[in-house]
Amino acid sequence: MRNSRTGLAAALVLVCAVASSGCGSAQAPTRYYSLLAEAGQRPSAAPTEKTLSVSVGPVIIPDILKQTRIATSKGDGSYNLSEYHRWSGDVDRDIARALAEHLGRGLGTEQVFVFPWDQAGAPAYRVLADVISMGGNPDGEATLHVRWTVVPRSGTAEPVTRRTDLSEKCPGPDHADWVAAQQRNVGHLAAAIAATILDLHGQGT
């Protein structure tokens with residue numbers, strides 16, 4: 001009887017060790033993130049013409065970003081997928097919304113829409129983005145490489161295509177720090193796009 005109880009106890013210990021590396025261990029909570037930073041008060045940017053309207057999208061992203069688990073990398077072509085740090089939504093839509101918010105502030109207009117738009121009429125400028133890569137790691141830098149095009153309304157000017165390569169140092173070692181650095185990258189990208197739109201808008205006036 002004693003041997004039987006001893007064997008049963010040993011079996012239970014083994015099951016606990018295999019299942020959860022120790023009975024009663026707590027599972028790490030899953031955290032969700034967005035590239036759309038909390039919107040603060042709009043800066044005192046001079047408003048542009050009321051007719052200036054911009055649409056953002058579609059945004060094309062690599063397949064590795066088409067999932068909720070956050071993918072980080074060290075630039076060697078390999079990725080680490082986090083089980084407990086995830087995106088709160090589709091990354092392509094998240095980038096588009098973040099760009100739209102930044103462009104609205106930078107251009108001084110509320111007429112900024114995310115593709116597909118259902119407003120009457122075509123926007124004055126369309127912004128298309130192809131995310132080549134979004135990587136880096138929390139203990140280093142957050143990188144973002146994007147090829148983008150500003151397409152003016154037909155007949156006003158020629159489309160302009162540029163590539164922007166960004167890198168922001170992570171302020172800390174956590175995924176939250178990496179996301180915060182990527183939010184700044186998206187802000188810098190939007191600033192470059194806004195400058196191009198203003199340049200094109202000046203040529204057309």
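Student: In what order do the 3 strands of the open sheet lie, and which of them are the edge strands?

Tutor: The order is E1-E4-E3, with mixed pairing. Strand E1 (31–33) and strand E3 (69–73) are the edge strands, since each pairs on one side only. Ignoring direction, neighbouring strands of this sheet are turned by 60 degrees against each other on average.

Student: Why is the aromatic pair of Trp-87 and Trp-178 called tilted?

Tutor: The search of the whole structure finds 1 aromatic pair. The ring centres of Trp-87 and Trp-178 are 6.1 Å apart and their planes stand at 50 degrees; rings pair if their centres lie within 6.5 Å, and planes under 30 degrees apart count as stacked, over 60 as edge-to-face and the rest as tilted. The pair is therefore tilted.

Student: Which parts of the chain does this pair tie together?

Tutor: Trp-87 lies in strand E4 and Trp-178 in helix H3 (residues 175–203), so the pair ties together parts that are 91 residues apart in sequence.

Student: How do you know whether Trp-87 and Trp-178 are buried or exposed?

Tutor: Buried means under 20% relative accessible area. Trp-87 has 3% and is therefore buried, and Trp-178, at 0%, counts as buried as well.

Student: What is the peptide bond between Gly-57 and Pro-58, cis or trans?

Tutor: That bond is cis, with omega about 5 degrees, and Pro-58 has its place in strand E2 (residues 54–60). The bond from Phe-115 to Pro-116 is also cis, with omega near -5 degrees, and Pro-116 lies in the loop between strand E5 (112–114) and strand E6 (125–136). Most peptide bonds are trans.

Student: Where among the elements of the chain is the mean pLDDT lowest?

Tutor: Helix H1 (residues 2–20) has the lowest mean, 47, whereas strand E8 (residues 160–169) has the highest, 98. Over residues 4–24 the pLDDT is below 50, and this stretch has 5 contacts in the model beyond near neighbours in sequence. Where pLDDT is low, predicted coordinates should not be read in detail.

Methods. Residues numbered from 1 in each chain as written. Predicted model: local features only at pLDDT ≥ 70, side-chain atom pairs only at ≥ 80, totals over all residues. Heavy atoms only, no water. pLDDT = per-residue confidence, 0-100. Helix = DSSP H or I, 4+ residues; strand = E, 2+ residues; numbered from the N terminus. Contact = heavy atoms within 4.5 Å. Pairing = 2+ DSSP bridges. Axes fitted to C-alpha atoms, helices over the stretch in contact; angles between N-to-C directions. Phe/Tyr/Trp six-rings, centres within 6.5 Å; stacked < 30°, edge-to-face > 60°. Buried < 20%, exposed > 50% of the residue type's maximum accessible area, 1.4 Å probe, protein only.
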